[in-house]
Amino acid sequence: MAAVAGWLDGSAPEPGRADLASAVRLSLRTLAADAPGRSVEVRVPPFAAVQCVAGPRHTRGTPPNVVETDPRTWLELATGRLQWTEAVERGRVGASGTRADLSPWLPVLRL
C-alpha cells in the first residue's frame, strides 16, 4: 500500500501495474476478512474480485449484490480518502442490491 500512497495523495505519479494490482488485492482480501460471507461481490477490474458480507450465499450467474469500481476509487475508499456515499453519488462506484453498501467496513486500512 505504501507504493500507492503518494499517487492517491497526488504527490507521485501513477504506480506500476504490479504495485497497483498488489494494493488492490491486499485491500480486497482485508475487506473479505473483515466482512466474511458471500452475499456481495466486489469487483475492481482488471485486478481482482472478492465475495464478502454475511447473508444469502450466491452460487451461479450474476450475483444480486454487486459493487464495481476502478482501482483508484477502490483504493481511495479502502484508505478512507473517499467516503462511500460520495463515491456512489458521483457515480464512481456502481452498487446494486440491498446488501451492496460497504460503508460499515470502510476504510479497511489507513496509510
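**Figure 1. The largest nonpolar core of the predicted model.** In this predicted model, the largest nonpolar core comprises 32 residues. Within this core, the residues with the most contacts are V42, W74, L75 and L102. Two or more residues are contributed by each of the elements α1 (2-9), α2 (17-34), β1, β2, α3 (71-78) and α4. The most is given by α2, which supplies 6 residues.

**Figure 2. The surroundings of L102.** L102 is one of the residues with the most contacts inside the largest nonpolar core. Leaving aside residues up to four places away in sequence, L102 touches L31, V40, V42, V53, V67, W74 and W84. Two of these partners, V42 and W74, are likewise listed among the residues with the most contacts in that core.

**Figure 3. The open sheet.** The sheet is open and is formed by 4 strands, arranged in the order β2-β1-β3-β4, with mixed pairing. Strands β2 and β4 are the edge strands, each of them pairing on one side only. From one strand to the next, the twist averages 10 degrees. Strands of a sheet pair through backbone hydrogen bonds, in either a parallel or an antiparallel manner.

**Figure 4. Strand β1 and its two partners.** Strand β1 spans residues 40-44 and is mostly covered, with 4 of its 5 residues buried. Strand β2 (residues 48-52) runs antiparallel to β1 and is joined to it by 5 bridges. A hairpin through 3 residues connects β1 to β2. In this pairing, V40 stands opposite C52 of β2. Strand β3 (residues 66-69) also pairs with β1, in the parallel sense and over 3 bridges. Here E41 has V66 of β3 as its bridge partner, while V42 stands opposite V67 of β3.

**Figure 5. Helix α2 against the sheet.** Helix α2 lies across β1 and β2. Relative to β2, the helix α2 runs at about 5 degrees.

Figure 6. Helix α3 is mostly covered: 7 of its 8 residues are buried. The buried residues are P71, T73, W74, L75, E76, L77 and A78. Among them, W74 and L75 belong to the residues with the most contacts inside the largest nonpolar core. The buried residues of α3 pack against α1, α2 and α4, and also against the strands β1, β3 and β4.

**Figure 7. The two ends of helix α3.** At the start of α3, a side-chain oxygen of D70 comes to within 3.2 Å of the backbone nitrogen of R72. After α3 comes G80, which has a positive phi, near 85 degrees.

**Figure 8. R90 in its loop.** R90 is located in the loop between α4 (84-89) and β4 (93-96). Is R90 buried or exposed? R90 is exposed, because its relative accessible area is 58%, and the threshold for exposed is over 50%. From C-alpha to C-alpha, R90 and G37 are 28 Å apart in space, and 53 residues separate them in sequence.

Methods:
Residues numbered from 1 in each chain as written. Predicted model: local features only at pLDDT ≥ 70, side-chain atom pairs only at ≥ 80, totals over all residues. Heavy atoms only, no water. Buried < 20%, exposed > 50% of the residue type's maximum accessible area, 1.4 Å probe, protein only. Pairing = 2+ DSSP bridges. Core = buried A, V, L, I, M, F, W, Y, C linked by side-chain atoms within 4.5 Å. Contact = heavy atoms within 4.5 Å. Axes fitted to C-alpha atoms, helices over the stretch in contact; angles between N-to-C directions. Polar contact = N/O pair within 3.5 Å; in protein donor to acceptor, adjacent residues only side chain to side chain.
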